[in-house]
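Morning, everyone. Let me put the structure up, and then we'll go through it.

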Amino acid sequence: METGSIPLHQATKGSYVVIRHVPEGRSKAQLIRLGILKGQLVRCLERLPGGTVVIEKNRQEIAIGVALARMILVAYTGTDLLSNS
Amino acid sequence: MTDAYGLLSHDHVEKHKHIGVSVSREESSNLKVALVGNPNVGKSLFFNYLCGVYVDVSNYPGTTVELMNGRFKSFEVFDTPGVYGISSFSDEEVVTRDVVLQADVVLNIVDAAHLERDLFLTQQLIDMGKRVSVMLNFMDDVKKLGLQIDRELLSSCLGVPVFATTATSREGFEQIEPAIEQARRGEPDPSLHHRLHGMLSVTGSEAEALLILEGDEAIARQHGIQPGVERDAAYIDRRNHVNFIISAVLSEKNLRKRFATSLGRWSVNAWTGIPMLLIALYLIYLFVGRLVAQDIVNFTETTLGHQLWEPWIRGVVVHYVPASSWLGTLLVGEFGVVSMTVTYLLFLLLPLVIAFYLSLAIMEDSGYLPRLATLVDRSLNALGLNGSAIIPLILGFGCVTMATITTRLLGSEREKRISTAILQFAIPCSAQLAVVAALLTGAGFSAILIYSATIFTVFVAIGTILHRTLPGTTTPLLIDLPTMRLPRFDNVIRKTAYRTYFFMKEATPWFFTGALGVGIMQATGLLMVWENLLNPLTTGWLQLPRAASTAFVMGMVRRDFGAAGLFQLALTPHQVIVSLVTITLFTPCIASLMVMLKERGLKEALVVWTGTWVVAFLVGGLLSQILI
């Protein structure tokens, strides 16, 4: 059950999202190393005013600046079955 | 494990694979062992255990760029900066890459609680064909989190031995030596062999072939060939392979949410994070601003410096050299190299630097610093910086010289340039702040407001203008947030001691050079010429008494000297504001100029230095025209 893509910095706090697009460029290799790549499930933990986001992937918390977050496209999984909190 | 390329390729792969022999006793002499791992996995604790020599333990992604090596028995051990992968994206990676290429054995330290992040590097090391042993560190965290790792299965999947340790309590450390001896070549990512084949004949080294294939320009250049364009494909294959291994070896039993996790979450939430930041800043202020800057420094500077050291050394020196001679002036005069400079360095700066590094170490080791960087990221974006720049900016309030050195850890030249300029223009150091605070309280509350607002405006303006005019863009923030944990006392102490030593070693010669330079200016009368040149500006434009120009000239040597010089003048509250604003924005002390010269080069340093003169007198003057 998927809806359209939205930029990561607009994902609702607490939601689980699937990564649909990761931008090319210098940050890409680092994103892949941290496990943020197309098809992966991550949770949006925090969305700070201005758009800096904190996401969680397998207990690992990662902070992403807005300039990068707006280039990462995600889709809601439309479920919080996986929620553990 | 399934081989994506089927059985046909299997024999072929085997033919190329060297037999994974372990290291025999005889060949272990002078074996190069590299400790490699992601940031914050406790590498340095392993290194300290092995070699005994202290090394900077970093909790902030990428603060150790220096390479440490030491000896353990017959092994030569290298501690590398923390990286997420081997390539040439940053200075840290270049250092680590070179060490790994030369190493005989790689001891890969892995945060067992964050396998997804760490095993990418592990698999890359294995793919490079290095002899590897994996140390699963922080096994205590794994238990606390309710996770379970099948170590045997992991070892079988990777093809290298895997050991369990807890670095903070040194549990399992007796296995380090066997780990080095049993290290062997592992199971490369099955999809890789085909990619690697052609390249291997060119380089002769599997490790270099892999790096070139993954687009490492520097290594490709060494072999005179074009870097590969398959980085993304290779990375994604490796990522998927690692995820596959993890899904098999990791199981979650009863997942519990720990207090540390909640605390970490609160610190990056705007509603709870800002109050937490204010509390943290207040505690730092109580410790650094009150206890150290006032009580301790009062004792060390006045009693030890002015009352004991300076009269004593003056007595010794005048025994050989007349105090009024030029040499006497240089040594023990107003800016004496062995009188004023020693007091300044040992009795004023040293306690402050220790206090600041101690606070920084606690914030770092607790895992708070990367979260603070996250919290302030967006605000700093407006100045062309990302959240990481908060470290030099905070340190600037301790000592601008120390902070200027720290700008090294920032991601790009552009960010180093902007933060250095902000530091040199608009951040008052602690020595100066003490004097500024004393003078301002005397001038009343509105004076404090006008002063702070003016300095803050300049701070924002400098950053914004540079951000708008310098070519390039800001590197976006992308950092992992380590688990919040209580800092280890001995670690914090050692880190503080190491950094303080490093800073004093680096900065001391510049303080002496600066003092000597000003001493020579004084002895030759150049200082008077300078003062006379400044006079029309001081009296006409700033509308301050003639003697204030002396304060400005003194401010070139030591920022607080300048401010202290204003104490003796009878100034109206408005004049106090104008003079303090001018002296704060004015050129930083001679030592920070020297360090800036070294870090940023002659041209840029001179532009910034001249700029501080212009901005200080421009803003001070405008304020004077409005107020007085």
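How many Å apart do the C-alpha centres of domain 1 of chain B and domain 2 of chain B lie? They lie 42 Å apart. Domain 1 of chain B covers 8-252, and domain 2 covers 271-627; the bounds come from an automatic or database domain assignment.

Some ground rules. This is a predicted model: local features need pLDDT of at least 70, side-chain atom pairs count only at pLDDT 80 or more, and totals for chains, interfaces and linings use all residues. Residues are numbered from 1 along each chain as its sequence is written, while chains are lettered from A and ligands numbered from 1 in the order in which they are written.

Confidence next. The model has ipTM 0.89 and pTM 0.78. Chain B has an average pLDDT (the predictor's confidence in each residue, from 0 to 100) of 84, with 93% of the residues scoring at least 70. Residues 1-26 of chain B stay under 50. The model gives that stretch 23 contacts beyond four places in sequence; a contact means C-beta atoms, placed from the backbone, within 7 Å. Where pLDDT is low, predicted coordinates should not be read in detail.

Finally, Leu107(B). Beyond four places in sequence, its contacts include Val33(B), Ala34(B), Met135(B) and Ile180(B).

Conventions:
Two residues are in contact if their C-beta atoms, placed from the backbone, lie within 7 Å.
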